[in-house]
Amino acid sequence: MTTRFQQAFHGIERPFAWLDLDALDDNIATVQQACGQKKIRIATKSIRSVEVLQYLQQHLSNITGFMTFTAAESIFLLQRNFDDVLLGYPVMEDMAVRQLLHYVKEGRTVTFMVDRCEQVAFLEKIGAELDVKVSICIDINLSTDFKVLYFGTKRSSLDSLESITPFLTYIKQQSHIEVVGVMGYEAQLAGVGNRPANAIKGRLIDFMQTQAKKQVTQFRRLAIAHVKAYFPRLRFVNGGGTGSMTYTAEQKEVTEMTVGSAFYAPALFDQFAHLQLSKAAGFALRVTRKPAPNIVVCHGGGYPASGAMANDRYPAFYEPNYFSFLRLEGAGEVQTPIKVKGKTLIIGDTIYFRHAKAGELCERFQTLHGIRQDEYVGSFATYRGDGQCFL
C-alpha cells in the first residue's frame with residue numbers, strides 16, 4: 001500500500017501529514033450506512049481542518065451541524081460561514097460568549113452545553129444584558145457505575161432523575177434561557193474498544209459493554225421523557241460516537257449522532273471489533289540513521305495521544321507487521337528508533353504512521369497532503385496551518 005504513497009508524496013519534505021481521500025470517502029460511506037436515518041453532527045475536535053470540514057459537509061447527505069470544543073473555535077468556524085454549532089463542553093469565557101451571542105442575534109444557530117446551575121446562571125446573565133435568548137443543551141451522564149468500577153467518563157453531574165429534576169426547575173426560572181436539546185454521550189461504548197492487545201481485558205470489556213447498553217438505553221429513555229415534561233419542544237436529542245454508531249442509530253429517542261474520529265480512522269479505533277474503517281490519515285517520517293542491521297532511526301515522531309498513558313497512545317505503524325518501537329525509547333521528541341522485520345530500509349526511506357487519536361494529528365502539522373488513487377491532489381490546511389490553537 002505504501003508504494004502509492006511513495007510515488008504521490010515523492011517531492012514533499014518529511015515529516016508531513018497525509019490524507020487518503022479514497023479511504024476518507026470509504027469512511028464517509030460507512031458512517032452514512034451505520035447512522036441510517038439519523039442526522040449526523042460532525043465532531044470538529046476530531047477533524048481540525050476547515051477544508052476537510054467543508055469536504056465532509058459536501059459529501060455527507062444527512063449532516064445537521066457541528067459539535068465544537070471551545071468558544072474560540074466556534075467563533076472561528078462561524079466566521080467561515082459554518083452554522084448550527086453545538087458547543088460540546090460548558091464554556092465560562094465572558095468575552096467569547098458575548099461574541100457568540102452576537103452571532104445568534106444575526107440569525108446564526110449556536111447552542112451551549114450545560115449540566116450545572118452555575119453554567120446556566122452565567123449564560124442567563126449575559127443573555128439578559130444583551131437581550132438575547134440563549135439556546136442550551138442539557139448534558140446527561142450515561143456512564144455506568146458498577147460500584148467496583150466506574151465505566152465511562154467523569155463528565156456531566158446529571159446522572160439520575162433525582163439530580164435532573166432540580167436542575168430543570170432552576171432552568172424554568174430563567175427568562176433568557178431556552179432548552180433546545182439534550183445530549184447523552186455513551187463514552188463507555190463509543191470510545192472504549194473491545195479488542196485491545198490483552199484478550200482477557202477484551203472479554204471483560206465485552207461483558208461490561210453488554211450490561212452498559214441495557215442501562216444506557218433505559219436511563220436515556222427515562223431522562224429524555226423527564227426533560228420533555230418540562231421542555232416539550234426539543235429541537236434535537238444527541239448521542240453516539242464513532243464506536244457506538246450502530247447501537248445509537250437504533251435508539252428511538254436519539255434524533256442526531258455525533259461522529260468525528262470515524263472519518264480519519266485513527267489507530268485507537270483498530271481496537272473495535274465491529275468497526276470496518278479505512279486508514280485515512282497519518283504522518284510520514286524520514287529514515288536518517290541505521291545504527292544496526294535491523295534498527296533504523298526516523299527524524300521526529302514523538303506524537304503521543306492524550307488520555308491515560310499506555311502503549312495504545314503511541315502512534316501506530318501503517319504497516320504494523322514490519323515495524324515496532326523499542327521498549328526503552330518509544331516515539332521520541334526529535335528521533336524515533338524502530339526495529340525492522342521482514343523489510344529492508346536504507347537511509348532516506350520513509351516510514352508511514354497513524355496517530356492514535358484523530359484530530360490531535362492536526363495539532364502537529366500545518367497541512368494535510370492529499371492523495372487519491374496514486375495521485376497527489378494538493379493540500380488541506382489544518383487549524384494550526386490557519387494559525388489557530390484552541391486547546
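**Cysteines, a domain and a helix pair**

Visitor: C298 first: buried or exposed?
Guide: C298 is buried, at a relative accessible area of 0%; buried means under 20%, exposed over 50% and partly exposed in between, with a 1.4 Å probe and protein chains only. This is a predicted model, in which local features need pLDDT of at least 70, side-chain atom pairs count only at pLDDT 80 or more, and totals for chains, interfaces and linings use all residues. Residues are numbered from 1 along each chain as its sequence is written, and side-chain values use heavy atoms, leaving out hydrogens and water.

Visitor: And what about C117?
Guide: C117 is partly exposed, with a relative accessible area of 28%.

Visitor: How many disulfides are there?
Guide: The search of the whole structure finds zero, a disulfide being a pair of cysteine sulfur atoms within 2.5 Å.

Visitor: New topic. Which residues does UniProt list for a domain?
Guide: An unreviewed UniProt entry lists residues 20-264 as "domain: Alanine racemase N-terminal"; such annotations may be inferred rather than shown by experiment.

Visitor: How far apart are the end C-alpha atoms of residues 20-264?
Guide: They lie 9 Å apart, and the span is 48% helix and 19% strand. Helices (H or I, at least four residues) and strands (E, at least two) are DSSP runs, numbered from the N terminus.
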